[in-house]
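Trainee: Could you take me through this model feature by feature, giving the general idea before the particular case?

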Amino acid sequence: MPVPQTLDELRASLRQSVDALQRRQANEIPEKLIDRLVDLDWLEWHGGGLRLTTTGTNVHRQELARIRAMAETSGSSITPNLSEADIATPNYSYEKRQRELAKKKKKEEKAYRKASGAGSDAPADEPTAQGAPAGGDAPAEDKAPGQA
């Protein structure tokens, strides 16, 4: 099998190579094609195996988008296979961080309510001033000596 020379042929062969790599069948990719794709920095050797580079990932995504666009314009109901990179995955770290922030906020609110004396008859929304009695009477120290 001759190594593709044009850019369109190389893009198509990259798509086929990625499919073979995802199936863990790298032996199906001709060695000359691997060398050409490594030279283009679309694939790289990593720990004795092949993997896509960032450039190769971008080229592969562009090729998939081009194929989808061609399928839509031709009116074909057959769509190309989606690769694992195109399937949306949940962002677990974001969800975990949101749970942690909610837990932290709840803990801070509880500490605030506890510090403001919400356990007494004062409403939780209106914390009482430090040192001021809840009843509204003037403290006994403020009265002049001898007055009762």
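The dialogue below moves from confidence and fold to salt bridges, backbone angles, spacing and surface charge.

Mentor: This is a predicted model, in which local features need pLDDT of at least 70, side-chain atom pairs count only at pLDDT 80 or more, and totals for chains, interfaces and linings use all residues. Residues are numbered from 1 along each chain as its sequence is written, and side-chain values use heavy atoms, with hydrogens and water left out.

Trainee: In which elements is confidence lowest and highest?

Mentor: The score to read is pLDDT, the predictor's confidence in each residue, from 0 to 100. The protein averages a pLDDT of 75, and 66% of the residues score at least 70. Confidence is lowest in strand 2 (residues 49–52), with a mean of 83, and highest in helix 4, at 92.

Trainee: How many helices and strands does the protein have?

Mentor: Helices (H or I, at least four residues) and strands (E, at least two) are DSSP runs, numbered from the N terminus. On that basis the protein has four helices and two strands, and along the sequence they follow the pattern α-α-β-β-α-α.

Trainee: What share of the residues is buried?

Mentor: Buried means under 20% relative accessible area, exposed means over 50%, and partly exposed lies in between, with a 1.4 Å probe and protein chains only. The areas come from the Shrake-Rupley method. Of the 148 residues in the protein, 18% are buried.

Trainee: How many salt bridges does a search of the whole structure find?

Mentor: Side chains of opposite charge can pair when their charged atoms come close. A salt bridge here is a side-chain nitrogen of Lys or Arg within 4 Å of a carboxyl oxygen of Asp or Glu, and the search of the whole structure finds five. One of them joins Arg15 to Glu63, with the closest N and O atoms 3.9 Å apart. Arg15 lies in helix 1 (residues 7–22) and Glu63 in helix 3 (residues 54–74), so this pair ties together parts that are 48 residues apart in sequence.

Trainee: Is Glu63 buried or exposed?

Mentor: Glu63 counts as buried because its relative accessibility is 2%, whereas Arg15, at 24%, counts as partly exposed.

Trainee: Which residues form a salt bridge with an N to O distance of 2.6 Å?

Mentor: That distance belongs to the side chains of Arg51 and Glu44. Arg51 is partly exposed at 37% relative accessibility, and Glu44 is also partly exposed, with a relative accessible area of 26%.

Trainee: How should I read the salt bridge between Arg97 and Glu100?

Mentor: In this pair the closest N and O atoms are 3.9 Å apart. Arg97 and Glu100 are three residues apart in helix 4, which means that about one helical turn separates them. Salt bridges that share partners, for their part, join Arg15, Glu63 and Arg66 into one network. Arg97 is partly exposed at 46%, as is Glu100 at 39%.

Trainee: Which residue has a positive phi of about 60° although it is not a glycine?

Mentor: Phi is a backbone angle, and the residue with that value is Arg24. Arg24 lies in the loop between helix 1 and helix 2 (31–39), and its relative accessible area of 76% makes it exposed. Asp41, likewise not a glycine, has a positive phi of about 65°. Asp41 is placed in the loop between helix 2 and strand 1 (43–46) and is partly exposed at 40% relative accessibility.

Trainee: Which residues form a positive surface patch?

Mentor: Patches are made of residues with over 30% relative accessible area and no salt bridge, and like charges are joined within 9 Å. Lys and Arg count as positive, and the place of a charge is taken as NZ of Lys or CZ of Arg. The positive patch here is formed by Lys106, Lys110, Arg113 and Lys114. Arg113 is found in helix 4 (residues 92–115) and is partly exposed, with a relative accessible area of 39%.

Definitions and conventions: Patch = residues over 30% accessible without salt bridge, like charges linked within 9 Å, V, L, I, M, F, W, Y side chains within 5 Å. Areas by Shrake-Rupley, 256 points an atom, 1.4 Å probe, with all protein chains shown as cover.
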